[in-house]
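We will go from stop to stop, selecting a few residues each time.

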Amino acid sequence: MVVTILLKGSLAKFFNGEKEKTVDLPDGCSCEEALLACGIDWKQEKNFGFVAINSKRVMICDILRDGDELKAYPKISGG
């Protein structure tokens, strides 16, 4: 299946400054597995916030479908 992964904010460093990458993944792949396939271990990234599929916030273990858009967001801090 083909999925588009978008990295928001500081997470774009994983794609060498690019914010978007289209990847071919096995059917039934979770958000976590998709990120790991791109070299992103979200558990080790202290600035990792959450993920969304097709602009809907989901759990990292949710399953992707062909044509989905997975967005990964960094933590947001403010004052």
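Here is the tour, beginning with the sheet and ending with the aromatic rings.

Before you click, note that this is a predicted model, in which local features need pLDDT of at least 70, side-chain atom pairs count only at pLDDT 80 or more, and totals for chains, interfaces and linings use all residues. Residues are numbered from 1 along each chain as its sequence is written, and side-chain values use heavy atoms, leaving out hydrogens and water.

**Stop 1: the sheet.** Colour the strands (DSSP runs of E, at least two residues, numbered from the N terminus; helices are runs of H or I, at least four residues). You will see an open sheet of five strands in the order 2-1-5-3-4, with mixed pairing; two strands pair if DSSP finds at least two bridges between them. Strand 2 (20-24) and strand 4 (56-58) are at the edges with a single partner strand each, so one side of each has no neighbour in the sheet.

**Stop 2: strands 3 and 5.** Zoom in on this pair, which is antiparallel over five bridges. Select Val51 and you will find its bridge partner in strand 5, Ala72.

**Stop 3: the rings.** How many aromatic pairs does a search of the whole structure find? There are two. Rings of Phe, Tyr and Trp (its six-membered ring) pair if their centres lie within 6.5 Å; planes under 30 degrees apart are stacked, over 60 edge-to-face, and the rest tilted.

Show Trp42 and Phe48: their centres are 5.9 Å apart and their planes at 50°, so this pair is tilted. Phe48 is buried at 8% relative accessibility, while Trp42 is partly exposed at 24% (buried is under 20% relative accessible area, exposed over 50%, partly exposed in between; 1.4 Å probe, protein chains only).

Next, show Phe50 and Tyr73, a stacked pair at 4.6 Å centre to centre with 15° between the planes. Phe50 lies in strand 3 (residues 48-53) and Tyr73 in strand 5 (residues 69-74), so the pair ties together parts 23 residues apart in sequence.
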